[in-house]
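Open the model in your viewer with the sequence panel alongside. The stops below are given in an order that can be followed by selecting residues one after another.

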Amino acid sequence: TQIEESQTYYPELLFEYINGAAEIYLSYDFEELIVSQYKEQETESNVSLEIYDMGANNNAFGIYSAERYPESIFLNIGLQGYIEEGALNFLAGNYYIKLLCFDCKENSDKILKKFAKEILIRIGDKGRFPLPLTAFPSEGRIKNTEKYIKHNFMGYAFLHDGYSVGYKNNNMEFECFLIEGNNPDDARLMLKKFLQEKK
């Protein structure tokens with residue numbers, strides 16, 4: 001049962017809800033957050049639901065990829081999800097959804113998964129992973145290390161829309177990256193500036 005009216009936060013108000021983390025969400029062109037609280041009638045279990053509308057699949061994947069870890073416990077929920085003690089986060093379409101369970105005890109995982117499935121029914125299309133990720137080789141690829149960084153890729157203000165994937169070859173670990181330009185001229189300009197920085 002929903003126990004209070006949902007709260008809505010737009011970009012200019014996001015700091016009021018997640019002060020320390022708002023900046024990274026805004027860097028992925030965050031559009032809207034809806035927060036709702038629920039309580040199970042027969043118990044003291046409470047669930048907090050946060051739905052972040054990131055405006056596009058790539059943006060949603062970007063913030064999701066920034067918060068997951070390769071060693072997380074992943075679930076086949078939405079496009080992808082992961083669960084940890086008292087929390088379940090998942091990706092679906094333009095949305096990044098976060099669920100927190102309080103006073104749920106041993107029923108935490110069951111309650112969170114049930115909520116996630118109900119939300120997915122309403123979202124419908126679970127979306128897809130960004131197309132540029134298919135260009136990365138599969139050999140040596142470390143699972144769930146894929147990331148998308150929309151702005152200031154590798155710390156350079158002129159690099160945007162960067163994708164990176166972790167790899168392991170024998171005892172050596174490294175990252176490969178791909179940067180998507182808006183058009184051929186934009187890609188050439190980014191490459192030119194990057195090579196100048198590396199001189």
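Select Cys101 and Cys104: both are buried, a label given to residues under 20% relative accessible area, with exposed meaning over 50% and partly exposed in between (1.4 Å probe, protein chains only). A disulfide links the two, with 1.7 Å from S to S; the term covers a pair of cysteine sulfur atoms within 2.5 Å. The angle about the S-S bond is -85 degrees, making the link of Cys101 and Cys104 left-handed. A search of the whole structure turns up one disulfide. Cys176 is also worth a click: its relative accessibility is 27%, so it counts as partly exposed.

This is a predicted model, in which local features need pLDDT of at least 70 and side-chain atom pairs count only at pLDDT 80 or more, while totals for chains, interfaces and linings use all residues. Residues are numbered from 1 along each chain as its sequence is written, and side-chain values use heavy atoms, with hydrogens and water left out.

Next, display the sheet. It is open and has seven strands in the order E1-E2-E3-E7-E6-E5-E4, with antiparallel pairing. Strands (E, at least two residues) and helices (H or I, at least four) are DSSP runs numbered from the N terminus, and two strands pair if DSSP finds at least two bridges between them. At the edges are strand E1 (7–9) and strand E4 (73–75), each of which pairs on one side only. On average, neighbouring strands of this sheet are turned by 20 degrees against each other, direction ignored; axes are lines fitted to C-alpha atoms, for helices over the stretch in contact, and angles run from 0 to 180 degrees between N-to-C directions.

Zoom in on strand E6 (residues 87–92) and E7, which run antiparallel and are joined by six bridges. Here Asn89 stands opposite Lys98 in E7.

Which residue forms a salt bridge with Lys98? Select Glu67: its closest N and O atoms with Lys98 are 3.0 Å apart. A salt bridge is a side-chain nitrogen of Lys or Arg within 4 Å of a carboxyl oxygen of Asp or Glu. Glu67 is in helix H3 (residues 57–67) and Lys98 in strand E7 (residues 95–102), so the pair ties together parts 31 residues apart in sequence. Lys98 counts as buried at 17% relative accessibility, and Glu67 as partly exposed at 21%.

The structure holds six salt bridges. Another to select is Lys150 with Asp29, at 3.7 Å from N to O. Lys150 lies in the loop between E8 and strand E9 (162–169), and Asp29 in the loop between helix H2 (22–27) and strand E2 (32–39), so this pair ties together parts 121 residues apart in sequence. Then go to Arg141 and Glu146, whose salt bridge has its closest N and O atoms 3.2 Å apart. Shared partners join Arg68, Arg141 and Glu146 into one network of salt bridges.

Finish at Thr134, in the loop between helix H4 (108–123) and strand E8 (147–149). Thr134 counts as exposed, at 62% relative accessibility. Its side chain reaches the backbone oxygen of Leu131 at 2.7 Å.

Conventions
Polar contact = N/O pair within 3.5 Å; in protein donor to acceptor, adjacent residues only side chain to side chain.
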